[in-house]
Amino acid sequence: SFFRYLLSIMEPLLKAFAKRPQQLSRTLVAATASRCLPLRFYIQSVDAPGCAVRSTKTPTGARSLSRLDSVTRAIADDLQPVKDDHRFIAQAAIGVRKLLANLDALVQEDEALVLADLNTFIRFFELFVEQFHHEFEEKHLFPALLPGMKDVVDILTKDHAELQEHCRALSKALQEKDLKAVASSGLAYCELTRRHVHYENHGLLPNATLVLKPEVLIQLGDCMEELEKHKGCVADFSALHAQVRRLIVKYGVTADD
């Protein structure tokens, strides 16, 4: 009935307003669009690893579909911070790779400085990548995609564990000043990061915006923001990020890398 329809729209609006008034307009768009053309009605499943979405019913009315697409793109902005993190993480990994490509020469020039730079990168990988970014994905984003994208989630979760192992090996090698092991474990970390970020950006996130309801995407964006505030207060992300950005520039990372 009309009243049930109206209630289905108003309920998320009231919750959003109670939590954050400025979120109201965006939730209004999400609520009305999802009621006009529910995404779950057209999506049967998600294939892995390509994650191609199979449609089981053709939407009636090009205008409604166009409206849904525009709303989905707007709500997908709530996952933009994840993509921004991926870009930053990838740049840091490229910085490490470029450092390692000239490790012997750099060590001969100023060993203490090079080891300090590597230690900064490691702190970034441990504190920001593992304890914040991966934690958000494993505790919040990945569970929201189950069971439809279980195969993809399993692959990415395994990557997280392997990245942690490479980072621990890199840290141990650095403490022991074993340059051969530093290069080996560091390059392994960088290569897996490259593949992992590409897989998430081109497989996971595009399909997440299709599989998840708009209000869930909004909640994920808010959750990531709150988690970063908490973790950032403990680890001082602003200072750490500034140090990593300086190293990214120092080691010649460009937009073309």
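Biologist: Which residues line the largest cavity?

Modeller: Rolling a probe the size of a water molecule over the atoms shows where empty space is left. Here the lining of the largest cavity consists of His86, Ile89, Val129, His133, His134, Glu137, Leu163, Tyr189, Thr193, His196, Val197 and Glu200. A cavity is a set of points on a 1 Å grid over the protein atoms alone where a 1.4 Å probe fits but cannot get out, and lining residues have an atom within 4 Å of a point. This is a predicted model, in which local features need pLDDT of at least 70 and side-chain atom pairs pLDDT 80 or more, while totals for chains, interfaces and linings use all residues. Numbering starts from 1 along each chain as its sequence is written, and side-chain values use heavy atoms, without hydrogens and water.

Biologist: How much space lies in the largest cavity, and which helix gives the largest share of its lining?

Modeller: The largest cavity holds about 60 Å³ of space, the volume being that filled by probe spheres set on the grid points, which are joined across faces, edges and corners. The structure has 1 cavity of 30 Å³ or more. Helix α7 gives the largest share of the lining, 5 residues; α4 (80-101), α5 and α7 each supply at least two. Helices (H or I, at least four residues) and strands (E, at least two) are DSSP runs, numbered from the N terminus. The chain has 9 helices and 2 strands, in the order α-α-β-β-α-α-α-α-α-α-α.

Biologist: Is His160 buried or exposed, and with which residues is it in contact?

Modeller: His160 is found in helix α6. His160 is buried because its relative accessibility is 4%, where buried means under 20%, exposed over 50% and partly exposed in between (1.4 Å probe, protein chains only). Apart from neighbours within four places in sequence, His160 is in contact (heavy atoms within 4.5 Å) with His134, Glu137, Glu138, Phe142, His196 and Glu200.

Biologist: How is an aromatic pair read, and how many does the structure hold?

Modeller: A pair of aromatic rings is described by the distance of the centres and the angle of the planes. The structure holds 8 such pairs. Rings of Phe, Tyr and Trp (its six-membered ring) pair if their centres lie within 6.5 Å; planes under 30 degrees apart are stacked, over 60 edge-to-face, the rest tilted. For Phe128 and Phe237 the centres are 5.1 Å apart and the planes stand at 80 degrees, so this pair is edge-to-face. Phe128 belongs to helix α5 and Phe237 to helix α9 (residues 237-250), so the pair ties together parts 109 residues apart in sequence. Both residues are buried. Ring pairs join Phe128 and Phe237 into a cluster with Phe88, Phe121, Phe124, Phe125, Phe132 and Tyr189.

Biologist: Where does the backbone call for attention?

Modeller: Most residues other than glycine have a negative phi, and most peptide bonds are trans. The bond from Leu146 to Pro147 is cis, with omega near 5 degrees, and Pro147 lies in the loop between α5 (103-144) and α6 (150-176). Lys177, a residue other than glycine, has a positive phi near 55 degrees. Lys177 lies in the loop between α6 and α7 (179-211) and is exposed, with a relative accessible area of 52%.

Terms used. 1 Å grid on protein atoms, 1.4 Å probe; cavity = no way out; pocket = protein on both sides within 12 Å on 5 of 7 lines; lining within 4 Å.
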